[in-house]
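Have the sequence and the 3D view ready as you read.

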Amino acid sequence: MNNIHKTCILGENVKLGDNIHIGPYSIIEGNVEIGDGTYIDAHVMIRGNVKIGKDNRIYFGACIGYPPQDVKFKGEDSWVIIGDNNIIREFVTIHKATGEGEKTVIGNSNFLMAYSHIAHNSKIGSGVIIVNGAQLGGHVEVEDYAFISANSLIHQFVRIGKYSIIGGGSHVKKDIVPYALCYGNPDAEIRGINSVGLKRRGIVGERLNNIKRAFKILFFSNLNVSQALERLKSEFESNEDILHLIKFIESSKRGITKKSKEDL
């Protein structure tokens, strides 16, 4: 049974699952689908082509599915797709994509804290934490279990690798490799591996040591990136963690964030 406040405005094409709560003065219009068990607070705005999965919690003032802040956008039919079990706090904004049929995607079990912004065409994995006020530009990709601290600015088209952590107030202009600890302003820099985050996710022992060894080769040897990649391939031939690191770097279009000069 759904609990829909009498002041809520629901468009005629909105499709609701079961056990959904929608609070006062929320407005939901357009081709919107909301899955079972999702709780929507007061004054939430959802508009356009939006599909929201099960058991999400969306707080006061969140705004989902509005047009992108992109001069290339000409009113095409695009989407916001949100998975299951996400927490979307106060005044989070998630914009639909630029491009006919394109999507802005949020995976599962993410925690988007107050005033964070997910711009058009961005792709967020699962288990990601984005802290208050962090701003993601268009086409940003964030892999699983990354942590983006408060007020960080992520340049458009940047990719954030899985299990990485970005310190508060950082300006990220190039890709952050998986497993990294990174922070800095005006330019974020690699400071090492995200040891605490990796251990919390159960990456310990030999697996953790292999990541440490790979980072030494990549960032703390005298090898350039191409030379470091060749050495990683030869030393970690069948290691899935390092193969992912190699693949991430080789597919980078913006280049990867460098190590801090303070650590030289």
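Val-225, Leu-229, Leu-232 and Lys-233 of helix 3 meet Ile-242, Leu-245, Ile-246, Ile-249 and Glu-250 of helix 4, where contact means heavy atoms within 4.5 Å. Helices (H or I, at least four residues) and strands (E, at least two) are DSSP runs, numbered from the N terminus.

A word on the background: this is a predicted model, in which local features need pLDDT of at least 70 and side-chain atom pairs count only at pLDDT 80 or more, while totals for chains, interfaces and linings use all residues. Residues are numbered from 1 along each chain as its sequence is written, and side-chain values use heavy atoms, leaving out hydrogens and water.

**How the two helices sit together**

The axes of helix 3 and helix 4 come within 10 Å and cross at roughly 155°. That makes helix 3 roughly antiparallel to helix 4. Here, axes are lines fitted to C-alpha atoms, for helices over the stretch in contact, and angles run from 0 to 180 degrees between N-to-C directions; over 145 degrees counts as roughly antiparallel.

Which residues of each helix are buried, and which are exposed on the other side? Buried means under 20% relative accessible area and exposed over 50% (1.4 Å probe, protein chains only).

| Helix | Buried residues | Exposed residues, other side |
|---|---|---|
| Helix 3 (residues 225-235) | Ala-228, Leu-229, Leu-232 | Ser-226, Ser-234 |
| Helix 4 (240-250) | Asp-241, Ile-242, Leu-245, Ile-246, Phe-248, Ile-249 | Glu-240, Lys-247 |

The cover over the buried residues of helix 3 includes helix 2 (205-219) and helix 4. For the buried residues of helix 4, the cover includes strand 24 (159-160), helix 2 and helix 3.

Now look at where the helices begin. Asn-224 caps the N-terminal end of helix 3, with a side-chain oxygen 3.1 Å from the backbone nitrogen of Ser-226. At the start of helix 4, a side-chain oxygen of Asn-239 reaches to within 3.0 Å of the backbone nitrogen of Asp-241.

**A stop at Asn-49**

Asn-49 belongs to strand 9 (residues 49-52). Is Asn-49 buried or exposed? Asn-49 is buried, with a relative accessible area of 9%. Its side chain and that of Asp-77 are joined by a polar contact of 2.6 Å, and a polar atom of the Asn-49 side chain lies 3.0 Å from the backbone oxygen of Ser-78. A polar contact is a pair of N or O atoms within 3.5 Å; within protein, one must be able to donate a hydrogen and the other to accept it, and residues adjacent in sequence count only if both atoms are side-chain atoms.

Technical notes
Parallel < 35°, antiparallel > 145°, perpendicular 65-115°, else oblique.
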